[in-house]
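Hi there,

Here is the structure I promised to pass on to you. Have a look at it first, and then read my notes below.

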Amino acid sequence: MQKFLTAVTMSAAALLLLAGNALAAPNTQPAEMARFDGDVVVRVQPRGDADLRLLEQLSDDPWTCGPSATGAVDYRISREQLATLTLHGVPFSVLIEDVQALLDADLAERNQPFENRAYFDTYADYTGVSNYVNTLVATYPGFVARISLGNSVEGREIFGMRVTSPVPPIGGVRKPVVVLNSLQHAREWITVTSNLYTTTELLSKYNTDAAAKSILDQYELVIIPITNPDGYVYTWTNNRLWRKNRRVTGTSTRGIDLNRNWSVGWGLSSGSSGSLSSDTYRGPSPFSEPETQVLRNYMLGVPKVVAHIDLHSYSQLILRTWGYQYADPIGLASINRIGSAMRDSVAATTGAAYTFGGSEILYLASGTAPDWVFGTLGAFSVTAELRDTGTNGFVLPTSFIVPTGNDVLSMVKTMIQKLCRADFNKDNVVDDSDFVNFAVAYETLTTNACDLTGDGITDDADFVVFAAAYEQLICP
Ligand code: ARG
Ligand code: ZN
């Protein structure tokens, strides 16, 4: 106990300096790194399909996967292609004047001497992130355990951590699990730092912040910082703007979009592509990729996943299920209650404006992780598209790391606080009908409906969890 107290009262600065050593290697641009001299990122307001087809012909790098609610699409294009757009009278505005200049500035900034830098002052590469996980394990013994989920296409470890306090859960089984995974998409670096920042804040505030304590006492977080390790390494060594995994799919085609490779809704609607060269290529079959397989297997193996966030960038959105269709999910009222509270809490704490909604606020996406988590495990699950709204897009300056980390911290805290385990029929209120429904299902002991602990059986421990939540008679 003494050891643990020392650990959690250790100053954040000291911890971060410790971690900084793991990152001492300078960020020099590898010689073979793709360059984008003179390229611009434009936000186009297409007048119709012809404009969209023209864009698809011109650019091999969409920064959005389809028209947003306003109909706008973002693309990286060359100066010459920009002239073509102008020639055709396509309406557009320039988001980023010079992509290579932005990348150069970012690299120069990250090349600042490290000595006095803290972990969240900069981005860390694959090894740096892995070392930081080890640092957390060493700094918070009893709270953090490193886990290994399996390997990527190119054989890299997909690692993660289990994070919870040593306080035992009601009923003595494993606590309900909240999964936070980042970087299915390789270029979305801000998702990695935000995930680690959130974890670090909850751990370091355990003794001083009642909300952090309550979360770690009642739940276990499963953190997977780099879901797509091969893609991530590739963005550090070859092409900062790579999205998919690195599966060899043909002589000159590479990669499957991991967030189109999950089974629920796979290949349905317009939300993915069957074309090998597409940035949203769904793969030959659901779960064809080891990266999605291992995450699925892990989640199937834990007793009970009760909530999940799949972290992406950019656009500042909190997207509820479904991704693959516009039809309402079961329990929409509860989902809206939690999601809108997440949005509001971010605005109140960091001031960042996020929009909450279903696919109508972005575009349809099929075969996504949240659809699988919600559709298969029945857990609350959202996609969080982090900062910014397009000024820097995927190449977010390091000054955004802490503010965006605080966005996610706020989302996670609110999401967990608002989970309502007594709203058994998911009508957004806790009342007698929840008690009756629970009691009836409990009595038969035949279905898994009452298995709130998620250990595969309905027993006293489930009753204890339900009763503890029901006693409050409100959805938090
Ligand atoms: N930007 C994400 C992607 O393309 C969004 C996925 C979720 N989208 C949705 N409509 N729910 O993978
Ligand atoms: Zn993404």
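**What I found**

Leu183 has a relative accessibility of 0%, so this residue counts as buried, the cut-off being under 20%. Please keep in mind that the model is a predicted one. You will find Leu183 in the loop between strand 6 (177-182) and helix 7. Its backbone is worth a look too: Leu183 is not a glycine, yet its phi is positive, about 60°.

Lys426 also has a positive phi without being a glycine, here about 55°. This residue sits in the loop that runs between helix 13 and helix 14 (432-444). With a relative accessibility of 41%, Lys426 counts as partly exposed.

How do helix 7 and helix 13 lie to each other? The axes of helix 7 (residues 190-204) and helix 13 (residues 401-418) come within 8 Å and cross at roughly 60°, and the pair is therefore oblique. The crossing is right-handed. Among the residues that meet there are Ile190, Tyr197 and Leu202 from helix 7, and Val402, Val408 and Leu409 from helix 13. Sorted by class, this contact has eight nonpolar, six polar and two charged residues.

Finally, look for the cis peptide bonds. One goes from Ser313 to Tyr314, with omega near 0°; Tyr314 belongs to the loop between strand 8 (305-313) and strand 9 (317-319). Another joins Thr321 and Trp322, with omega about 0°. Trp322 lies in the loop between strand 9 and helix 11 (332-349).

Happy exploring, and write back with any questions!

Methods: Residues are numbered from 1 along each chain as its sequence is written. Chains are lettered from A and ligands numbered from 1 in the order in which they are written. This is a predicted model: local features need pLDDT of at least 70, side-chain atom pairs count only at pLDDT 80 or more; totals for chains, interfaces and linings use all residues. Side-chain values use heavy atoms; hydrogens and water are left out. Axes are lines fitted to C-alpha atoms, for helices over the stretch in contact, and angles run from 0 to 180 degrees between N-to-C directions. Helices (H or I, at least four residues) and strands (E, at least two) are DSSP runs, numbered from the N terminus. Angles under 35 degrees count as roughly parallel, over 145 as roughly antiparallel, 65 to 115 as roughly perpendicular and the rest as oblique. A crossing is left-handed if the near helix is turned anticlockwise from the far one by less than a right angle, and right-handed if clockwise. Contact means heavy atoms within 4.5 Å. Ala, Val, Leu, Ile, Met, Phe, Trp, Tyr, Cys and Pro count as nonpolar, Asp, Glu, Lys and Arg as charged, and the others, Gly among them, as polar. Buried means under 20% relative accessible area, exposed over 50%, partly exposed in between (1.4 Å probe, protein chains only).
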